[in-house]
Amino acid sequence: MAVIRDVMAAFELFQPTSITDAQKLLEQHGTDAWVLAGGLDSFDWLKDRIKKPKAVVDLSGIEELRGVRSYGDHGADGIEIGAMTTLTEVVNHPVIKEKYGLLGQAAELVASPQIRNQGTIGGNVSQDTRCWYYRSGWPCYRAGGNICYADTPEGRNREHAILHADRCVAVNPSDSAPALITLDAKFIVRTRRGERIVDAEDYFVGPEIDITRLHILQPGDLLTAIRIPSTWAGAQFYFEKVRDRNVWDFPLLNVASAMVISGGSIERIRIAVNGAAARPLRLKAVEDAVRGKPRDPATGEMAGRVAVQGAVPLQFNAYKIPLMRNLVKRAVSGVEEAKWSS
Amino acid sequence: MDNKRLDNKKVVETTKAAEREYGVGHKLIGKNYETADLYAKVTGSAKYAEDFRADGMLFCKLLLSPMPHARVKHIDAKAALAMPGVKAILTADDLPAPADTLTDNGTVIKASKWGERGLTMEPVYQGEPILAVAAVDELTAAEAIEKIQIDFEPLPFVVDPLDTLRPGGPNPRTDGNVWTRPPATASQGPGTPAITELKWTESDFAELKKGRLPMGKTPDEWTYGDLDSGFKNAALVLDETFITPDTSHQTLETRSAMAYWRNGKVYIYTGTQSTAQTLPAIARWLNIDPEKVVFISEYTGGGFGSKITGGVTMIIPALLAKKTNAPVMMRISREEETFIGRARPGFQGRMKVGFSKEGRITALDMFVVCDNGPYDAVGDSPSSGRIVSLLYQPQAMRWRGVTVLTNTPPRSAQSSPGGLQGIVIIEPIIAKAARRLGLDQVGIRRINCPEGKAELGPAIQGKRQYATSSFLKEALDRGAEQFKWAERVARTPKRIGTTVRGVGVSLSCYVGGTIGFDGLLVIKPDGRITFQSGIGNLGTESVIDVHRVGAEVLGVPWEKCDVTWGNTAKNLPFTCVSGGSQTTHAMTRAAYATAMDAKKKLQEIAAKKLGGKPEQYEVANERVFRKGGGAGMTLAQAAKHAIELGGIYDGHEAADDLHKLTKASVAAFAGQGLVGAAKDNYPRDGNTYSYVASFAEVEVDIETGKYYIVDFLASADVGTVIHPRALGGQVLGRSTLGIGHAIGQKWVFDPRYGEMLSKRFYHSKPPTILDVPVDMQWSALDIPDPETPVGARGVGEPPVGGGCASVLNALSDALGDEIFQRAPVNADTILTSLEAGRPMQHPLMAHI
């Protein structure tokens, strides 16, 4: 049967107004259901007719999924961001700006202003990979087949993985994910059996765990909110995204770090990268290696070297190794701001 | 970091374009004004093809080939046609036979058997339309297409031009792999291009192992001057291989089209660059009489060469409309546009250039392989040689080229076709030579720059062609001054922290005008003037701008002028195609001729009514009156007299030398006022070209490979300025188009399967507004071209090559010569080469 793309197929649209109703609908339709947040990932799949759900559950009418609020017994333990909060709202929120600027910086570098107005924080962390073979409907491992087209002698893999590849070499494209891992965020997931709270880094999975998805959500599950504890509030943050165009581009790589410096030494640190593997990577080895060390260029250089240990380039993505090394170096020891004035 | 850089803080203050005053001594020419279509465009009320509706309108969708080359063995559409709401299917069998072309001088050009027809039973690229289904809505049409079963016989395919030139390499078409043109004969003129087979030898390909472009046999070649002694006498000889990208036109309006038939005529709505000239193209594609075609194209969302006369696919809704006896809308999706929407052919090029110690080019040996795609031969390859020969005036030059077919989407002209590729191949070599010879980058270009009636290309019958004029040296000098070139070059340090700055300059030029077209205006009895514009409304504003010349000549305020455009039923004159930057030159000439014709008629009418001789009258301030005072009449009165007089004055008769299309339009206005209609018969000595000197500064982070263009300036030699704001839009807009080729736009193919991977809009990475400096600058010399009455030349294409090459040259200034040998240049190129200390990307592999 012939294939046609870029025309959305028909589906039944449900627009629940509560999480409970959304869950009921998802339960009712099982694997025929599709969860719709901002639509930026979903509509590509739906327009290409590669995913043809019978029922689409649109979360945009659920008020309890929106907005940024404080949480905890004393109202000062941290913040909770509803999964349907737009990236623009995240960027502009005063508490995020003041205490968790790392997330604001990351969110502001996502795609374009128009996309940030529509895209949500829940969608940004739950989006699928952008591997152009997989997204074009090629029958690869991730799509249930038994080949990776990107990892062949002739495969075009400039934007693919250098770490933790397992049959599939796709990468996670989220900009907010490494920032949330660095901030030690907790993801609130509503399942059939109740609420689960998972560490940000455990929300994401590589192909060795599940080759068909980038996160832990099972059919019927909903990511409802993201909590950021006050652990890293006001810490020293670094975020950098490298992309081809200055707007409307996924990262080639990005890096996020949070540090507490004491007496010139790194007392506490968390650091993560994305675009290097099928899941955003928390770099625990780097954290361990630099903790207690002076925050200086030598420590940065060492951190960069540790970060890329075990990295394996494909034919067209060898640049990601020096790029990751340098980004991690900067995220640890900083970068001199170039003051071109004359 | 990233965000902060986007502030694009200014470093060196450049002269503001706004400080210049254009059109000195004119009332309208060279002045800014509000075009009649402005509000419709900015408020969204403008109707593009997709916005039109007709009663009972159906929609159609296309079935695209999943394979790069195959034969359709069988189509089973039973299940699709049985669906409720499905009205018809159209296959290649339903297409009219390709029509021969009858040119205006009576020559018949036989239809090519290799030509593109809109639908096919032998797809020659992945994404080629095979059939179309019309249904009550798009969803039904799409579902019907999914029910169609096609049996394909896969055929050999190739996506990299070098792969088909190898001994035993696959052919993209069953008849061969290259376009050749038999040599011209005295009796028959140039031969018709044909597809033949060309294979190079294993020893030719030995060069590839050394990272250099193999140079096997080519079908086309020319030489002038003494190449050998040029190289022998050179102080420096460089031999470089360079690849330029294939870039989709990516017009924001896709080539959607709507059509219906009424009283035996077909009405087609689609975006085009050229309203009047698209009509004969439609007639030829449908193989019907041009009188049976009405073509409507009020607004066009971008063309850049991809819609010179629209696209052949517009006949699909027209034929389905005939089959279903209902209007049919074909909305082309972004993905379909990627396949059928045209692209610039990439070049694999090699140049050996000899320089004297002063930097003068003593000899230039140029070799290009042009990736043509599967259909009609594009002219980029020969054009690249001519442009390089004009722009750098080598003392001796050989050009060799081969236009290779591949199973990749069809190419067409794209802003500066061949010009961009030629400029982008040579400019980095000149930059490198200047560094080797210790010369200033502006200086080495100044010494090679064309001047006056500069020659180009090979000798034809003993004589080389030449330009009408070139003031590029002045544009280069003025640009260098405005950009504060010397100050930037002298600035230290070059590196702060991890960032390095570099500056680049490039010359640029392209064809800037044709001659011999018609104009048509009517002075109405109420004193208003209507200008009939056959130019497409393609976004350049030339559709309206050129008529300012007519109003200026006739001394009529612009508020009393109307311009008619966008519909061939509204009686338009024979007009040039808006391609090759012809329009401003060709149609200001026609507008001038037409206004002069109207002026002569006004003088004659005045003499007839008021006595004396016509030359004793002058035309100004909406009147025709005796020179030095005395009797006169208003234009309104003259228009009434024209109607009384009839004949040539009110359109009952037309001048013999007008084109038949213009004559028919003149006749349609008979009796409605004073009709001015004339052909541009003004002489021209030389061929018209326009020129730009482009300047760029970049800031590169050597730890990430990321770079920003921090400043850009284009200094243009484009003749008399007609409309500064539109001109500035073109100079900077087309510079940006060129910059896209430097900073990321390209195609990526999987060569094993012959499929395009970069098919999403965001994959092909056209430049965004945030990829260029906030404060890009332009200026124009405003020196009239001496070979045209108004002095104006075209501007669309000349800035493109310079946009790209100035950025590339700024990058090599910052990073050295061992980074890139292809465009675009991105973080991957920069980082891997910096790590290795030499260019690390494959030197010749296409589409990576």
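## Helices 13 and 14 of chain B

In this predicted model, the axes of helix 13 (residues 441-448) of chain B and helix 14 (residues 472-483) of chain B come within 10 Å and cross at roughly 170°. Axes are lines fitted to C-alpha atoms, for helices over the stretch in contact, and angles run from 0 to 180 degrees between N-to-C directions. Helices (H or I, at least four residues) and strands (E, at least two) are DSSP runs, numbered from the N terminus. The angle makes helix 13 of chain B roughly antiparallel to helix 14 of chain B; angles under 35 degrees count as roughly parallel, over 145 as roughly antiparallel, 65 to 115 as roughly perpendicular and the rest as oblique.

Helix 13 of chain B contributes Val442(B), Arg445(B) and Arg446(B), which meet Lys473(B), Leu476(B) and Ala480(B) in helix 14 of chain B. Residues are in contact if their C-beta atoms, placed from the backbone, lie within 7 Å. By class, this contact has 3 nonpolar, no polar and 3 charged residues. Ala, Val, Leu, Ile, Met, Phe, Trp, Tyr, Cys and Pro count as nonpolar, Asp, Glu, Lys and Arg as charged, and the others, Gly among them, as polar.

## Helices 12 and 13 of chain A

In chain A, the axes of helix 12 (residues 297-307) and helix 13 (residues 320-333) come within 7 Å and cross at roughly 140°. Helix 12 of chain A is therefore oblique to helix 13 of chain A. Residues making the contact include Pro297(A) and Gly300(A) of helix 12 of chain A, and Met324(A) and Val328(A) of helix 13 of chain A. The contact divides into 6 nonpolar, 5 polar and 5 charged residues.

## Chain A as a whole

Chain A has 13 helices and 12 strands. Its radius of gyration, taken over C-alpha atoms, is 20 Å, which agrees with the value near 20 Å for a compact globule of 342 residues; the globule rule is 2.2 Å times the number of residues to the power 0.38.

## Contact between chains A and B

The contact takes 50 residues from chain B and 40 residues from chain A. On the chain B side, the elements that each supply at least two residues include strand 24 (499-513) and helix 24 (827-836). That side has 19 nonpolar, 13 polar and 18 charged residues.

## Conventions

Residues are numbered from 1 along each chain as its sequence is written, and chains are lettered from A and ligands numbered from 1 in the order in which they are written. Local features need pLDDT of at least 70, side-chain atom pairs count only at pLDDT 80 or more, and totals for chains, interfaces and linings use all residues.

Notes:
Two residues are in contact if their C-beta atoms, placed from the backbone, lie within 7 Å.
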